[in-house]
Amino acid sequence: MTFSQKKKTGILSIGVGLATTRTKSVRFNPRRVPKSVNQVLQDLAAEASMRVSVTFLVALFLVSCATYVEAPPGDQQDQLFPSSIHKGNGSPEDIFQTEVGVYVPTFGDDLGGNGCVSDLDYFAQDVWQAFMSTQCFACHNASGLASGTDLVLKGASESDYLQDNFNIVKNISTQTVDDVSILLLKPTNQLNHGGGERFGVASSEYGALQELLGRFAQPTDCISDPPIVDPPFLDYFAVLEQSELTAALRKATLNLVGRLPEAQEVASVENAGEDAFRAVLENILSEEAFFDRLKELYNDIFLTDRYISGNQAANLLNAELFPNRMFYNDLDPTVDDPAWVEAAQDYTNKSIAREPLDLIAHVVREGRPFHEILTADYMLVNPFSAISYGFDEVSFVDQLDPTEFKEVQLDTPHAGLLSSVMFLRRFPSTNTNRNRHRAYVFYKKFLGIDVLEFDDQDVDPSAISGFNPTMFNAGCASCHDILDPVAGTFQNRSNSGRYRLTDWYVGMQHPGIDGTLLPMEETHRALPWLVEQVATDERFALQAVRTLYQGLTGQEPLRVPEGNLSPDAFAAQMLAFNEEAKVFQGIKDSFVADNYNLKTLIKELILSPYFRALALEDEVESELELAHAQTGSARLLTPEMLHRKMEATLNFPWVHFNNQRSKILSRGDFLYFYGGINSNTITKRMTEPNGIIASVSTRMANEMACSLTAFDFTRDASERMLFPYVEHDDAPVVDNIADPLFSAAAKTNIRYLFKRLLGEDLALSDPEVESTYQLFNDVWLDGQQGMANDTYSENLTYACRGRWDRPSNDLLPEELRISGDETYSIRSWMAVLTYLLSDYFYLYE
Amino acid sequence: MDRRHFLKLSALTGVGLSLPMLPRPLMASTEPFAGPYVIMVNATGGWDPTSFCDPKGMQSETEINPVNTNYFSGDIAMAGNIPYAPIGYNETFFNKYHQRLLIMNGIDVGTSNHDTGRQTVFSGRGDRTAFPSLAALYSATQAGTLPMSYLSFGGYDASAELVSPARVGDVGDLRLLAKPNHTSATSSDTYHSDYAYGRIRQAVLARLQRVQSRQGLSQHRTQSAFLHGARLGEGILQELNTHLPEDLADLDDNSVQQFARQAQVIVAAFKSGAAVSANAVMGGFDTHGNHNNSHTLQLSRLFQGLDYLYEEIDRQGLSDLVYVVVGSDFGRTPYYNPNNGKDHWGTSSMMASGPGITGNRVVGASDAGFNHLNIDPTTLGVVSTGGLVLEPKHIHASLRAKLGIATHAHSQAFEVFGQVLPGLFA
């Protein structure tokens with residue numbers, strides 16, 4: 001093996017052979033919307049259904065080669081254009097304020113009178129929206145499989161797309177065979193159609209095309225053709241109350257770096273508002289904990305932590321190419337540094353396993369364009385993995401620091417994550433799969449396209465016995481036409497991820513993507529070529545927004561409404577989908593404009609209503625409330641997030657004190673019960689509580705209250721985390737003498753706990769404070785009675801005594817220990833602490 | 001936003017949606033469920049029915065490209081009316097349980113994609129996002145508000161948010177969770193007095209109700225309602241604990257042991273009335289290499305596990321109350337690849353048993369090339385012309401009918417569009 005160092009970048013290479021922010025809520029103003037909210041929603045849905053392109057058509061189909069996405073069953077026209085919205089009064093108030101270039105259908109009674117439907121309206125509703133936008137446009141677009149035909153349609157993001165498509169279809173309809181338009185012959189496959197039979201002659205689609213042809217022949221003469229009008233004005237987010245910036249800061253710091261905001265950060269935001277908030281966020285996004293969070297978030301996508309234990313990752317490296325992959329097995333602690341020997345296996349395996357995730361963190365840390373996660377012409381090694389990969393001569397500042405990374409190059413082409421052995425192993429191929437699964441993963445995880453959703457046809461196994469069905473069987477080709485070209489760009493990677501030069505299968509689609517073919521001279525570096533095609537693709541940037549949105553809020557991006565929905569439900573869902581799409585587009589634009597800076601994307605997400613939404617304002621129309629059903633985040637914290645929240649708010653997490661093993665993160669304890677994943681057999685987090693999750697949280701609250709309450713009182717009041725305003729033997733009545741000051745002190749402490757644990761800043765007189773004090777008092781009173789009749793001991797349960805330092809578990813000095821609870825106050829405060837740690841706002845963010 | 005999200009809101013706000021389904025109740029029920037119960041056994045990875053219930057052995061050692069190379073067709077054995085491949089644990093299993101087993105062969109899964117196949121086999125449809133598994137659907141129609149109504153150890157457990165699946169990790173820790181106020185599963189020491197624990201619980205539930213009544217986000221109200229429901233059912237774990245065997249399964253083979261422990265918890269959950277349905281899972285069937293050895297071993301483990309499951313069902317006295325449906329992503333090719341493995345194949349089999357299902361039967365068939373054959377929907381016999389291709393949608397439609405949930409609003413909302421085969425589960 002040989003390796004060299006790139007002078008400019010410090011990259012080493014090794015030869016291995018061919019191996020829109022809102023700070024103040026604004027009340028919804030009905031005067032700005034002359035129609036009822038319901039009617040406006042329906043109108044918006046109609047508009048939105050035309051603009052489904054924004055995320056659906058553009059993101060899924062614009063440049064891709066899909067063939068079909070299922071439309072909602074039932075009478076789609078009724079859903080998309082409910083009859084009620086055909087009944088506007090045509091008054092001047094119906095002319096809404098402007099936004100450029102969006103088609104809003106007009107309806108017979110509005111402008112045309114007497115129910116007249118113009119040809120363009122008919123095309124828009126009954127042809128384009130009903131089926132052509134999915135069944136035809138998927139291939140018949142500028143980048144699609146049918147881009148070389150005479151029928152190349154425009155996507156909805158393009159200006160005047162409906163009018164232009166109307167004209168395009170009209171023009172092509174004049175081509176006939178035996179006097180029958182190819183508009184009828186092609187999709188029914190009566191004339192050879194590359195996409196096979198899309199529908200039959202008895203179908204509603206065929207009937208719609210027949211009527212359209214009739215209209216082409218005899219144009220409908222309505223009073224006026226529908227104009228391109230502007231959508232109704234409605235500030236969708238005006239009905240939301242958004243959290244104060246300081247509250248958003250707490251949520252952001254807990255989410256991103258697992259801590260509470262520092263006092264000066266809060267003060268800065270309080271004094272200087274949003275600009276300061278962005279500055280504070282910028283600093284937060286430079287903390288090491290953030291990069292850990294980023295890796296955790298992306299592991300939910302790539303699941304490479306599957307290999308993090310033992311030798312699993314090192315084992316996956318090719319022993320012939322990397323003979324030192326498990327070098328640590330040969331270390332001798334009597335010769336080598338014992339500390340290094342002890343750490344070597346764990347650090348080595350982790351760094352190999354996490355190479356894809358570390359690359360993501362590295363790109364963001366270094367402020368590089370985020371698409372470098374795909375285009376990086378290097379890989380990362382730390383002092384441990386460097387040896388495994390054979391980069392023995394790379395120098396590190398600290399040979400024991402697993403967080404120190406260097407960029408190095410093998411002498412095989414790099415393509416960021418895609419060329420990582422861990423990524424390729426996590427998504428392996430077979431001789432018959434031929435990298436198709438990798439292509440599927442590439443589309444889904446990097447471009448946000450689930451190719452399987454394009455497949456509307458069940459595959460009949462008896463029908464796949466013909467010659468080369470993936471190319472010539474329509475049922476197979478509907479997905480394979482999309483997947484196989486990209487699969488071919490993985491040709492330099494074997495099933496196990498090893499680089500190779502090979503003749504790619506001639507019986508598959510030519511390697512490429514979106515109709516662009518891989519040039520022959522690039523075949524030795526097909527993956528780098530692939531990522532060069534998509535690095536600045538809008539779909540990549542938009543998918544980054546979606547991924548971070550889901551990672552930060554726990555919410556899945558909305559989908560186009562489907563199913564038999566009522567007009568109201570459809571309108572609301574469509575509105576919500578469309579508004580979310582607009583916000584994502586805006587964030588994506590900011591992200592791209594800042595040279596794909598992921599920190600910018602995150603900041604915009606955090607300042608968006610989807611992160612900060614606090615409540616809907618009073619008296620919001622039910623339809624609008626319906627549309628906002630998924631707005632904002634209400635996430636059951638993941639085990640990892642709950643673990644960090646305990647560290648942040650209680651100063652230490654839920655652990656076995658004898659070995660410090662986390663109970664919520666350990667597979668041998670409650671990780672799975674609490675909905676966690678192992679990146680292997682369990683890959684999807686649970687997002688809703690059940691009886692078991694509730695029991696785990698109850699046990700956590702009980703154990704933490706037990707471990708912390710007496711312990712906290714062993715400290716000086718000024719150093720206490722939980723009870724700085726009371727003493728352990730303070731009580732409402734002590735020695736039969738009522739303490740007139742106790743109630744106020746206790747409530748002050750309760751108020752403090754609400755703020756610290758739940759982020760709720762309550763007044764001392766707030767009913768929640770009073771209710772919590774009542775809990776304390778009731779338990780305390782019961783305790784007095786119990787101790788009086790010897791039912792209860794005057795001592796604490798052994799495990800709950802203040803005998804041990806937390807979390808070290810070292811015994812405290814005798815004089816500091818608290819074992820007794822003669823006033824029953826400690827146990828009463830334990831009840832309060834259990835209550836608050838069980839709270840919805842502790843378990844959710 | 002899809003329809004399942006609207007379930008939440010409609011339940012929450014009372015907004016009248018003309019959805020063909022019932023909104024999911026947000027309040028939990030603690031009324032024990034008396035059955036019948038459903039277990040869906042997921043043999044994940046794609047099993048090879050020709051290695052057990054749809055046997056196709058070699059004609060001779062000289063046969064070119066035989067379906068299987070590890071047994072001869074002449075050695076195919078019968079357990080009652082059920083033929084089986086003479087390998088692995090098949091003989092023991094089929095001879096022991098053939099009287100209760102319905103074998104469905106020649107099923108056209110319609111895909112060779114793992115995710116789609118898994119969804120199709122266990123939900124009836126593979127073309128809709130997150131279509132609920134039969135176990136989830138059944139749970140939702142019967143007692144979805146039980147706090148662990150749908151118990152899942154993995155596999156295909158999408159619920160379309162009709163119910164919240166409860167996931168179980170180390171079975172031993174269930175005992176600890178069953179006693180959340182005790183310092184250990186075996187200690188009498190408690191963190192709080194009984195009074196204090198009850199008072200805390202009362203306060204927690206009251207606070208959750210206050211959160212639900214706040215004007216805040218719909219999501220907060222909905223999720224807090226879910227948490228409220230989950231908390232109401234915490235105590236049911238104690239009941240489950242009383243039905244768990246003293247000694248958890250301790251077997252030599254770790255895979256079988258894990259499955260056996262799943263079986264113990266699932267049956268105990270049924271026995272206690274805490275669960276309506278469950279997913280049990282065993283992986284390792286995706287044998288693209290070294291098929292004969294690896295797949296036979298894994299099938300042996302599965303059948304040993306199923307043996308344990310049936311014994312546990314019988315031991316707990318639930319033999320007449322539990323439906324067991326066993327399936328896998330799809331089948332495997334009727335030939336070997338260059339790695340002596342078998343790749344994905346759209347023809348597969350399923351097995352079922354339960355109250356009212358006549359066992360000792362094989363319905364459907366495949367030809368010598370492991371392609372599905374059509375069957376008559378009435379007689380269920382193989383036909384050379386006409387008839388229908390047996391698909392998961394027919395099986396699920398028929399199962400739904402058998403379980404009495406075919407006309408439930410949830411079933412109609414998640415229609416499989418399959419013809420009910422009246423004789424299938426009779």
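**Figure 1. Strands E4 and E11 of chain B in the predicted model.** Five bridges connect strand E4 (residues 102–108) of chain B with E11(B), and the two strands run antiparallel. The model shown here and in the following views is predicted. Within this pairing, B:Leu102 has B:Ala352 of E11(B) as its bridge partner. B:Ile107 is likewise bridged to B:Ser348 in E11(B).

**Figure 2. Burial of strand E11 of chain B.** E11(B) is mostly covered, with seven of its seven residues buried. On one side lie B:Thr347, B:Ser349, B:Met351 and B:Ser353, and on the other B:Ser348, B:Met350 and B:Ala352; both faces are covered, and all of these residues are buried.

Figure 3. E8(B) pairs with strand E11 (residues 347–353) of chain B in the antiparallel sense, over three bridges. In this pairing B:Val326 stands opposite B:Met351 of E11(B), and B:Val324 has B:Ser353 of E11(B) as its bridge partner. Strand E1 (residues 37–43) of chain B pairs with E8(B) in the parallel sense, over seven bridges. There, B:Met40 stands opposite B:Val325 in E8(B).

**Figure 4. Burial of strand E8 of chain B.** Strand E8 (residues 322–328) of chain B is largely enclosed by the rest of the structure, because seven of its seven residues are buried. Both faces of E8(B) are covered. One side carries the buried residues B:Val322, B:Val324, B:Val326 and B:Ser328, and the other carries B:Tyr323, B:Val325 and B:Gly327, which are also buried.

**Figure 5. The eight-stranded sheet of chain B.** The strands of this open sheet follow the order E6-E5-E7-E1-E8-E11-E4-E12 (chain B), and their pairing is mixed. E6 and strand E12 (361–363) of chain B stand at the edges with a single partner strand each, so one side of each has no neighbour in the sheet.

**Figure 6. Packing of helices H9 and H10 of chain A.** Helix H9 (residues 245–257) and helix H10 (residues 263–284) of chain A pack at an angle of about 25 degrees, and their axes are 10 Å apart. This angle makes H9(A) roughly parallel to H10(A). The crossing of H9(A) past H10(A) is left-handed. H9(A) contributes A:Leu245, A:Thr246, A:Leu249, A:Ala252, A:Thr253, A:Leu256 and A:Val257 to the contact. These residues meet A:Glu265, A:Val266, A:Val269, A:Glu270, A:Gly273, A:Glu274, A:Phe277, A:Val280, A:Leu281 and A:Ile284 in H10(A). By class, the contact of H9(A) with H10(A) comprises 11 nonpolar, three polar and three charged residues.

**Figure 7. The contact between chains A and B.** In this view, 74 residues of chain B are in contact with 81 residues of chain A. At least two residues of the side of chain B that touches chain A come from each of the following elements of chain B: helix H1 (3–13), strand E6 (166–167), helix H5 (171–178), helix H6 (194–213), helix H7 (218–232) and helix H8 (236–243). The residues of that side of chain B divide into 30 nonpolar, 30 polar and 14 charged.

Conventions: Residues numbered from 1 in each chain as written. Chains lettered and ligands numbered in written order. Predicted model: local features only at pLDDT ≥ 70, side-chain atom pairs only at ≥ 80, totals over all residues. Buried ≥ 20, exposed ≤ 12 C-beta atoms within 10 Å, placed from the backbone. Helix = DSSP H or I, 4+ residues; strand = E, 2+ residues; numbered from the N terminus. Pairing = 2+ DSSP bridges. Axes fitted to C-alpha atoms, helices over the stretch in contact; angles between N-to-C directions. Parallel < 35°, antiparallel > 145°, perpendicular 65-115°, else oblique. Left-handed = near helix turned anticlockwise from the far one by under 90°. Contact = placed C-beta atoms within 7 Å. Nonpolar A, V, L, I, M, F, W, Y, C, P; charged D, E, K, R; others polar.
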